[in-house]
Structure formats: C-alpha cells, structure tokens
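Here's a quick briefing on two meeting places in a protein model. Have a look at the picture, then read on.

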Amino acid sequence: MQSLVIVAHGSHLNPESSAPTYAHADTIRASGAFDEVKTGFWKEEPHFREVLRTVEGDDVYVVPLFVSEGYFTEQVIPRELRLEGWDVSEWDSDGLSADQATLVASDVGREVHYCGPVGTHAAMTDVIERRAESVTGDPDVGEGFGLAVVGHGTERNENSAKAIEYHADRIRERGRFDEVRALYMDEDPEVDDLPEFFESDDVVLVPLFIADGYHTQEDIPEDVGLCEDHTEGYDVPETVDGTRIWYAGAVGTEPLMADVILERAADAGADLGDALATVRETTRVAAGD
Amino acid sequence: MSDPESATDSEFVTDPESVTAAESGDEPAVPEIDLPSDAFDAVLDALAGLAPDEWIRFEGFAVGVAGDDRAADADAHYVLEPAGDDSRTGLNERDLHAALADRAPAVTDWYVFERVVGEFGPRRAFLRWIEDADGATVAERYAALAAGIERAWGQLRVIATVTDRGERRYEVRHADDVGVPREELTAHDDPLEAREIVTLDGKGRYRPLKTAPTLRRGWVFPDLGPKELYETVETVYPATIANWHREREGELDVSHWRETMARQSGIYGVIRTWDRGEGHEHVNWVAEACCDDSQCLKRREWEYDEDTDLDVDGGEGVFPCREPCSVVVSAARKWTRLESEQPRTYEFDLTPSEKEQLEEIVDAVADGRTDEIREADTKEGANRYRARFLRAKLFDDAGNLGGVPTDPDDPDDPDDGE
C-alpha cells in the first residue's frame, strides 16, 4: 500500500497557511496515484511528531512542502519524524539537489522515503511559469513581459537565494519572457526597486512562497509600492513608476504544485501510473475568451 | 481437522431460536439480518484461500473445507462446525449459503471487521470500541446497534446503527446538537469536508488547536460507513485515535516537558533555560493555562519529567496528550522571555472596587467571557463601560496605570520590554 505524506509549516494564526497543502493533497487524491494521502504540520495537527502513526501504508513517501533546503528540511522535519540515523549528508546536496533518503522512522518502525523539498525541484520552474499564466489569464504570456521571481534573501538561509536564482536562470534560458530577474526581500537586488530592473512595461511578480501570509500579502505588496498599506488592497495589474506589475501572490497556491509533489515522490521510487499527466492536464489554465 | 472451538471464546448465540428468546425478554431485540451476497462471496473467497486444517471462525461456529475433497474440487466439500454440536460435512455452496444465512449476524459481523474495516490497528480498535465488539456478543451488539449506540469523542457524538444487511452506518454531529432534527443541520458526506468545519469557531475565529473545545455546531454527517467514520473523526481530531490506540495497547510514547523542551531548536531553543532546577511551578502554570479541559479536550499524560508529576489535573478526555503541543511550545517561548524579568515594586492607589475590577477583567479574559458581558451590565467589572471608565480615570496619556511608568528610566514607554 503506497502512501504519500505532505509535510508543511502551517500556522497558529493564519488559516490560509495550510490551505494550499490541503488543496494539493486533494488534487493528488483525485489522481488515484496513492492509496492514501496524509498531511502533517509544524504548527497544526497532526504534528510532524504524530503524522506517521496515522499512516496505514507500508510504502511511504514524505514530501516537504517547503521552498528551499535548510533548517526545516535538514533539521526539524527529520528530527520530529524521528528518522533514524538522519544526517544531511544523506541527501548529498549542493543546496539544490536533495532528492531522497530512505530511513527508518522509529515512531512507526518502518522505512520511509524522505524527499527533497518541492521548491528546488526542476518541475517547480514550470509552476512559476504557470503562475504567470494564471495571474495574467493568458496561457501564452511571455512576449512583451518581464518576470520577477522573488524570495527571501540569504539572511535567513543561504539556500533560499539559490533556489530563486536556479528557477530564474532556467526560465531565462527558455526565452519565453523578454526579461527574467531574481529579486529579494532583504538583500540586493531588492524587490522594492522592481521597476528599475525591468525595461518591459509589464512585469509578472511571482513570490517563491508556499502559502499566502504576512510576507506575500503585506510585506511584498507594500515594499513594491502596490499599495501604501496592505489593508487598502491593490489591483492586478497595478502600475508603479510606469511599470504594470502583475502580482501573483504565493506560487505555492498554484494548482500545478501538486505535480511537483508527485515528481518528488516519483524520483524516490513511487509508482504513479498516469497521475503526472492527469494532474498537469487538470490544473491547466484555460485560454481566455 | 483441529477443533474449531478451541480457538474461539465467544458465546453461542446466533441461531434464529436465540433471537426469538431474546425478543421475549427485556433485552432489545436482535434485528433480522439478510445475508448480503458480498459477505457470502467474501466467505467463499476466504474458503478458497484456506490452507488444510484452517478454519474461518465466526462467533459460535466455524466453516472449512474437507481436506480430502479440496484437490478434487468436489461440489460438496464445505464443513460447518457449530459450537457444542456435531459438525455438518459435505455441504455444497447452496447448503453453505443456507447455513450462513441462518447465522447472518455472525457472518456479517465477520465481514464488517475482516473485510470492510481491515487490519489497520487504530481504525479497527476504534470501530470495535464503538460497539464494544471485544466485550459484547454479536446478538447483544446487533440489538444495541438496532436501537443506536451512542459514543462521545471530544465534542463529537457518534451514533452507530446496523442495516438489515448487517452493514454498519454511523452518524456524527456536535454533542450540543444532539436532539436537533437532522434537516436543521447542514449535511455532509465526504469526511474531508470536516476540514472546513474545524477551521473556524462559531464566531468565525481561527482555531489553531483542533482539540480546543470550540468546535462549531450546525452540521451532521448523517450516514457514514466504517472507514468514513474513522476518517471524519481523524479530520476533526487528528491523530487522537492513533494515540488512544497506543495507550490501550500500553504503548503510548509520552514525552514529558523536560525532554520536549530539550529537543527544541532555533527560536524555541531558549525554552530549556526556563527550567532552572528550582522546581516545576512554572510548568504547573503552563498546564493550568493551556491544558485544562476548558482549553483542550486531550487528557494530559505528560508531566514535568518522568519522576516529577505536575500538581494540576490532566483532565478527563477520552484521548491522551502525549507531549506539549506546538501551541504550548510557542507560548512557553514567550513566557520564558517574560519570566526572565525581575519583579519590581510599583506604588499607586486603587479603591477596593478597582482592585477587584482588575481581577474580574483578568478572569473574564482568561475564561473567554468578555463577549458574554452585556453592554449595559455595569455590575460586571469586565463590562466595557466599566473598563473604559477605569482607563479614563487611572491611565495617564502614555497609558501608564496610576501614572506610574513601567520603566522609571523610560517614563514614556508603558510597554517597555516588549
């Protein structure tokens, strides 16, 4: 019996934090790829400490719904899941290349496949592009548009910037958008000065965050100048210093994220049948009228 | 063949005569059960997979396959072994169906737990507990299910019933909605819809703790199967069944305060500095603040450490709490910082009623009663007009109680230190 466990941060304060986790779990459930799909959280229930004991299957894939490798994926999750003998060297990663480690979780006395975070998977690049399609309502968006991928800087976690640059580089190489830049909240180049970094009249701004919350709903909109105060709200697009900014909100809310979760499990050996194709199709952006 | 009864400890109850006998007494009647084809097919399947000398054991009887006839695939090779009676051999499929149909309660009971519910420990134990399947006989349970068995799980009320085909059906609703006609409640059938129900409380506020006694009312899952019941309960109260099951098996892995805080890292690593080897009174206060039954329905099983119990009660909950939860850990981080401050002496004057009013305000907030205090009820110390009057009279322009600065070195900042 094949089981998927999606682990995410969650929140004591904001119900939106776990909403994408549940939404992607539902998409994957509907695809039929797993006999069961469970969710576990750091700040909600079931907690990381107790989620594995709710799992019935014996072929278990744990996928962290986090944007980068770092404190949570390397320390907190393995410790709380009680993965015996875990050491970050199990992933043999340069900060972007964690794939999976197979370890016994002493909580249940069974092996689990502990996968790398969704945010550093190559398929995440497609989700960022899909997010741009969603926010513009244009499945062919690209020509005449710039794309800004935004994240924390290195202040909290050096791998955070690596993930942003990785995806920005890949999108740039594809040549779909006229310009692609990686911007940061707490270091240069700063998202506050977004119009200075683009020549295009239209720029899609995609924050590499899992869920909407303080950073994506208050910090970034105010820093970029979409609004003076987040409580005022803003339009999409909103014009700032002559640049039309299409603010996408957290990329993690994009339905195609379910595909990256599946890719992580597939890389770790899960048998998914045609679920990948199904999920890519069912989460597609409809062409506008 | 081995004696099929040697391995069963159940009573003999399932023939039609015993049903009639039960009906004549005060006990509730065992309902008439029609043996459904899926249950009979499952028995045939199981018989086909039996090794020699193996039996399928039901309450009160067992069935098997005569060893000599097995290879020959003879038509009449089934054997029935009633308890305390002579075995019947040479049954063909039709004979077997007739024998099992006469014992439909026991057969459907086997089918429910062996084929529908399945092996997964927590789910199986929970569903058997619902109807006391490890204590009561099939006849007793079917009679009780026909009348409806009610079970409490936190703020949930589960009512288990049985159909005339022996299937279990379950209704789940809020305990405070017991007695409300179903049509007045919003009906759900997908267990995952419970996620919506548990997110916000009755006043629209986010519930960070699923086991807080703030589950909103007004909904019902009127007709769930066994697996759906388990999923619904697990969605409302995650992992509570797994932990309850471990506790029943004597395997609950309790992680006490000391070891839980020692495990913390990052911004929570500071909490371990709150334990200074000077007793555990501070953890008593935490448990009284967060873990009382008025705040959380789990029964706290963790203590200060393995050798040192807390002095406050763990509560009466059905399901256990095996370690300080993330809400407690987050709050403890705040208290670790606040409790590192040294007390100071402040001097200001209050009337006796003003002192009592401050106490009433703290009580009202701590007990979550502020919304209940009516706007014009000025007898209540925590009444809004009363509180505003107190503030107008006693606070200076900087918000200092009694005009006394919190920090004498920084008289303009009443929130110094925060």
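**Where the parts touch**

In this predicted model, 28 residues of chain A are in contact (heavy atoms within 4.5 Å) with 30 residues of chain B.

**Chain A against chain B**

- The two chains bury about 2,500 Å² between them, with 42% of it on carbon and sulfur atoms; buried area is the accessible area (1.4 Å probe) that two parts lose on being put together, summed over both.
- A:H12, A:E45 and A:R53 supply 29% of the area that chain A buries here, more than any other three residues.
- You'll find nine salt bridges between chain A and chain B, a salt bridge being a side-chain nitrogen of Lys or Arg within 4 Å of a carboxyl oxygen of Asp or Glu.
- One of them links A:R49 to B:E323, whose closest N and O atoms are 2.6 Å apart.
- α1, α2 (48-51) and α3 (71-81) of chain A each bring at least two residues to the side that touches chain B, and α3(A) has the largest share, with four residues. Helices here are DSSP runs (H or I, at least four residues), numbered from the N terminus.
- That side of chain A splits into eight nonpolar, six polar and 14 charged residues; Ala, Val, Leu, Ile, Met, Phe, Trp, Tyr, Cys and Pro count as nonpolar, Asp, Glu, Lys and Arg as charged, and the others, Gly among them, as polar.

**Domain 1 against domain 2, inside chain A**

- Together, domain 1 and domain 2 of chain A bury about 1,800 Å², 60% of it on carbon and sulfur atoms.
- On the domain 1 side, A:V67, A:E254 and A:L256 lose the most area to domain 2, together 32% of what that side buries.
- The rule finds one salt bridge across this interface: the side chains of A:E254 and A:R131 meet at 2.9 Å, N to O.

**How to read this**

- Residues are numbered from 1 along each chain as its sequence is written, and chains are lettered from A and ligands numbered from 1 in the order in which they are written.
- Local features need pLDDT of at least 70 and side-chain atom pairs count only at pLDDT 80 or more, while totals for chains, interfaces and linings use all residues; side-chain values use heavy atoms, with hydrogens and water left out.
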